[in-house]
Amino acid sequence: MKIYPLLALLCLSLTLWTCEEEFIPPTIGTVDDLVVEGYIEAGDEPTPALVFLSRSFPFFSRLSAEQLANAYVRGASVTVSDGSKTVQLTEVCLEDLPPGLQDQVAAWLGFDPDSLAFNICAYLDVANELPAQTGKTYSLRIEAEGKVLTASTTIPERAIIDSVYFTPPPGQPNDTLAQCLVSMQDPPGIPNFYRYFTSTNGGPLRPPFGSVTDDRLFDGQSFTFPLPKAESPTADFNFETFGLYRRGEEVVIKFANIDQDHYNFWSTLEFNAANQGPFSTYTRVDHNIQGGIGIWGGLNVRYIRTIVPEN
């Protein structure tokens, strides 16, 4: 008698399985989307509006340096407004600059000059006519290739960081490596969202894998948390040193408050990147670009420069 419920459950499972339909993302074979990556930063070192504009690639295509160079969209009209003033951004490409200036601009844009194999183009508020300010909303408008893209972002208030210090890593005693700990006060009453980057010994600022978090678990609290070192995406993975800092090296931490749309973009993008393999779940990346895809995000940034103690 006990076998009947099991057979019924098996039949129900087979019925549901046969009703499943394969899901294929609708844009898997097109190259129609314009992709935006744009920022405006307030805080310790305010950064003028910066926008990268490129074209999407088919999911299964092979990428080369030539394809990546041609992906950047040139000749677009890109404007940013704070509601009372509108500024036209200037197109700047590395290949148009003198050789001595190319490395400096590439580093400022966040690229490692030694690893670049293709031309990079961006749109900048070169004269900083629209300075980034806390609490203001900035609207982006792009006209390119017969399309109009729009987005807006608000620069949030900045959290209070009390201290940054280094302690021995967990596990076996180690006199060459250290972990970074940060103590801060989360502003109470409103949702807060954070993202961070690290740099060591003058290298480029990089976001770690899992660079964003919200404050749902510590709203309004003073707390301490580890801040792992961001590793180069091309570096070999080493379990014993991953996320740890070497004693004596110079460290720069870029800690940013971001708005919710900005957080949702990186949270879903990083989750999608981590959720790979034949049994993974398809994750649609959130974005705030109307008429295209990507992110236009405001940041309120605190820079922390320190040296990892020798002992």
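Is glutamate 143 buried, partly exposed or exposed? In this predicted model, in which local features need pLDDT of at least 70, side-chain atom pairs count only at pLDDT 80 or more, and totals for chains, interfaces and linings use all residues, glutamate 143 is partly exposed, with a relative accessible area of 39%; buried stands for under 20%, exposed for over 50% and partly exposed for the range in between, with a 1.4 Å probe and protein chains only. Residues are numbered from 1 along each chain as its sequence is written, and side-chain values use heavy atoms, with hydrogens and water left out.

The secondary structure comprises four helices and 16 strands, taken as DSSP runs numbered from the N terminus (helices H or I of at least four residues, strands E of at least two). Of the 311 residues of the chain, 40% count as buried. Among contacts (heavy atoms within 4.5 Å) between residues at least 6 apart in sequence, 68% join residues at least 24 apart.

Eleven salt bridges are found in the whole structure, each defined by a side-chain nitrogen of Lys or Arg within 4 Å of a carboxyl oxygen of Asp or Glu. One of them joins lysine 254 to glutamate 41 at 2.7 Å, N to O, and this pair links distant parts of the chain, with lysine 254 in strand S15 and glutamate 41 in strand S1 (residues 34-43), 213 residues apart. Lysine 254 is buried at a relative accessible area of 9%, and glutamate 41 is likewise buried, at 8%. Aspartate 44 and arginine 302 also meet in a salt bridge, at 3.9 Å, N to O; because aspartate 44 lies in the loop between S1 and strand S2 (47-55) and arginine 302 in strand S16 (residues 293-307), the pair ties together parts that are 258 residues apart in sequence. In the salt bridge of arginine 141 with glutamate 143, the closest N and O atoms are 3.1 Å apart. Separately, salt bridges that share partners join Asp44, Arg158 and Arg302 into one network.

Aspartate 259, in the loop between strand S15 (250-258) and helix H4 (260-274), is buried yet has no salt bridge, the nearest side chain of opposite charge, arginine 195, being 11 Å away; for charge, Lys and Arg count as positive and Asp and Glu as negative, while His and the chain ends are not counted. The side chain of aspartate 259 does, however, form a polar contact of 2.7 Å with the side chain of threonine 153, where such a contact is a pair of N or O atoms within 3.5 Å, one able to donate a hydrogen and the other to accept it within protein, and residues adjacent in sequence count only if both atoms are side-chain atoms. The side chain of aspartate 259 also reaches the backbone nitrogen of histidine 262 at 2.9 Å.
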